[in-house]
Amino acid sequence: MSGVKRNVLNVKQKLEILQKLDNGESASTDAEDVLNEENTISHSAALQSVETLLDYMGQRGFDYGDITAVRQICVDIRQEMNKEQKQRRIKDFLKQQMLK
(Lines give C-alpha, C1' and ligand atoms only; values in the text may rest on other atoms or scores of the structure.)
Protein backbone atom coordinates (compact mmCIF):
# COMPACT_ATOMS: atom_id res chain seq x y z
CA MET A 1 0.00 0.00 0.00
CA SER A 2 3.00 2.27 -0.38
CA GLY A 3 1.64 4.07 -3.47
CA VAL A 4 -1.74 4.94 -1.95
CA LYS A 5 -2.26 8.45 -0.60
CA ARG A 6 -4.84 8.64 2.15
CA ASN A 7 -6.59 11.84 3.25
CA VAL A 8 -7.62 11.80 6.89
CA LEU A 9 -9.28 14.41 9.07
CA ASN A 10 -7.13 15.55 11.97
CA VAL A 11 -8.50 15.70 15.53
CA LYS A 12 -9.27 19.43 15.38
CA GLN A 13 -11.19 19.02 12.13
CA LYS A 14 -13.16 16.09 13.55
CA LEU A 15 -14.06 18.09 16.66
CA GLU A 16 -15.22 21.06 14.60
CA ILE A 17 -17.42 18.84 12.47
CA LEU A 18 -18.88 17.14 15.55
CA GLN A 19 -19.61 20.53 17.12
CA LYS A 20 -21.44 21.64 13.98
CA LEU A 21 -23.48 18.45 13.98
CA ASP A 22 -24.34 18.99 17.66
CA ASN A 23 -25.58 22.47 16.78
CA GLY A 24 -27.78 21.06 14.02
CA GLU A 25 -25.60 22.42 11.24
CA SER A 26 -24.48 20.53 8.17
CA ALA A 27 -20.86 19.46 8.31
CA SER A 28 -20.69 17.32 5.20
CA THR A 29 -19.27 20.18 3.14
CA ASP A 30 -16.42 20.64 5.61
CA ALA A 31 -15.55 16.95 5.55
CA GLU A 32 -15.76 16.83 1.75
CA ASP A 33 -13.55 19.91 1.45
CA VAL A 34 -10.89 18.39 3.68
CA LEU A 35 -10.96 14.97 2.08
CA ASN A 36 -11.31 16.05 -1.56
CA GLU A 37 -8.75 18.83 -1.69
CA GLU A 38 -5.11 17.86 -2.01
CA ASN A 39 -3.03 20.96 -2.59
CA THR A 40 -5.61 23.71 -2.26
CA ILE A 41 -7.04 25.16 0.89
CA SER A 42 -10.71 24.36 1.46
CA HIS A 43 -13.34 27.06 1.69
CA SER A 44 -14.04 26.16 5.30
CA ALA A 45 -10.35 26.40 6.20
CA ALA A 46 -10.06 29.75 4.42
CA LEU A 47 -13.16 31.03 6.17
CA GLN A 48 -11.85 29.93 9.55
CA SER A 49 -8.54 31.70 8.88
CA VAL A 50 -10.27 34.92 7.85
CA GLU A 51 -12.53 34.79 10.91
CA THR A 52 -9.45 34.35 13.11
CA LEU A 53 -7.92 37.37 11.38
CA LEU A 54 -11.08 39.37 12.13
CA ASP A 55 -10.82 38.44 15.81
CA TYR A 56 -7.20 39.56 15.85
CA MET A 57 -8.00 42.81 14.09
CA GLY A 58 -10.80 43.53 16.55
CA GLN A 59 -8.52 42.93 19.53
CA ARG A 60 -5.79 45.15 18.11
CA GLY A 61 -8.07 48.04 17.23
CA PHE A 62 -7.63 48.01 13.46
CA ASP A 63 -9.37 50.63 11.34
CA TYR A 64 -13.08 50.03 10.66
CA GLY A 65 -12.50 50.17 6.90
CA ASP A 66 -9.90 47.40 7.09
CA ILE A 67 -12.19 45.22 9.19
CA THR A 68 -15.05 45.83 6.75
CA ALA A 69 -12.84 44.75 3.84
CA VAL A 70 -11.92 41.51 5.62
CA ARG A 71 -15.59 40.89 6.47
CA GLN A 72 -16.35 41.16 2.75
CA ILE A 73 -13.84 38.37 2.15
CA CYS A 74 -15.89 36.19 4.56
CA VAL A 75 -19.04 37.02 2.59
CA ASP A 76 -17.32 36.13 -0.69
CA ILE A 77 -16.07 32.80 0.66
CA ARG A 78 -19.54 31.91 2.02
CA GLN A 79 -21.12 32.79 -1.34
CA GLU A 80 -18.66 30.54 -3.15
CA MET A 81 -19.33 27.73 -0.66
CA ASN A 82 -23.10 28.10 -1.16
CA LYS A 83 -22.69 28.15 -4.94
CA GLU A 84 -20.64 24.94 -4.89
CA GLN A 85 -23.05 23.27 -2.47
CA LYS A 86 -25.97 24.18 -4.75
CA GLN A 87 -24.10 22.74 -7.74
CA ARG A 88 -23.46 19.51 -5.80
CA ARG A 89 -27.14 19.24 -4.90
CA ILE A 90 -28.18 19.74 -8.50
CA LYS A 91 -25.67 17.15 -9.65
CA ASP A 92 -26.88 14.67 -7.00
CA PHE A 93 -30.51 15.32 -7.96
CA LEU A 94 -29.78 14.73 -11.63
CA LYS A 95 -27.93 11.51 -10.81
CA GLN A 96 -30.94 10.28 -8.83
CA GLN A 97 -33.30 11.17 -11.69
CA MET A 98 -31.16 9.25 -14.16
CA LEU A 99 -31.25 6.17 -11.93
CA LYS A 100 -35.06 6.09 -11.93
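In which helix does aspartate 66 lie? Aspartate 66 lies in helix α4, and the account below places that helix within the rest of the protein. The structure is a predicted model, in which local features need pLDDT of at least 70 and side-chain atom pairs count only at pLDDT 80 or more, while totals for chains, interfaces and linings use all residues. Residues are numbered from 1 along each chain as its sequence is written, and side-chain values use heavy atoms, with hydrogens and water left out.

The secondary structure comprises 4 helices and 0 strands, where helices (H or I, at least four residues) and strands (E, at least two) are DSSP runs numbered from the N terminus. Along the sequence the pattern reads α-α-α-α. Of the 100 residues, 20% count as buried; buried means under 20% relative accessible area, exposed means over 50%, and partly exposed lies in between (1.4 Å probe, protein chains only). The protein exposes about 8100 Å², of which carbon and sulfur atoms supply 53%. Such accessible areas come from the Shrake-Rupley method with a 1.4 Å probe, and for residues only the protein chains shown count as cover. Among contacts (heavy atoms within 4.5 Å) between residues at least 6 apart in sequence, 48% join residues at least 24 apart.

Confidence is expressed as pLDDT, the predictor's confidence in each residue from 0 to 100. The average pLDDT of the protein is 77, and 73% of the residues score at least 70.

Helix α1 (residues 11-22) contains leucine 15. This leucine is partly exposed, with a relative accessible area of 48%. Together with Val11, Leu18 and Leu21, Leu15 forms a nonpolar patch on the surface, and the four residues have about 400 Å² of accessible area together. Patches are made of residues with over 30% relative accessible area and no salt bridge; like charges are joined within 9 Å, and nonpolar side chains (Val, Leu, Ile, Met, Phe, Trp, Tyr) within 5 Å.

The structure holds 2 salt bridges, a salt bridge being a side-chain nitrogen of Lys or Arg within 4 Å of a carboxyl oxygen of Asp or Glu. One of them joins glutamate 51 to arginine 78, with the closest N and O atoms 2.6 Å apart. Glutamate 51 lies in helix α3 and arginine 78 in helix α4 (residues 64-99), so the pair ties together parts that are 27 residues apart in sequence. Glutamate 51 is partly exposed at a relative accessible area of 31%, and arginine 78 is likewise partly exposed, at 37%.

Another salt bridge joins the side chains of lysine 83 and glutamate 80, at 3.9 Å from N to O. Both residues belong to helix α4, where they are 3 residues apart, about one turn of the helix. Lysine 83 is partly exposed, with a relative accessible area of 44%, and glutamate 80 is partly exposed at 29%.

A further feature concerns aromatic side chains. A pair of aromatic rings is described by the distance of the centres and the angle of the planes. A search of the whole structure finds 1 aromatic pair. Tyrosine 56 and phenylalanine 62 form this tilted pair, with 6.1 Å from centre to centre and 55 degrees between the planes. Rings of Phe, Tyr and Trp (its six-membered ring) pair if their centres lie within 6.5 Å; planes under 30 degrees apart count as stacked, over 60 as edge-to-face and the rest as tilted. Tyrosine 56 is partly exposed at 40% relative accessibility, and phenylalanine 62 is partly exposed at 37%.

Two aspartates of helix α4 complete the description. Aspartate 66 is partly exposed, with a relative accessible area of 40%. From leucine 54 it is 12 residues apart in sequence and 9.6 Å apart in space, C-alpha to C-alpha. Aspartate 76 is also found in helix α4 and is partly exposed at 39%. Aspartate 76 and leucine 47 are separated by 29 residues in sequence and by 9.5 Å in space, C-alpha to C-alpha.
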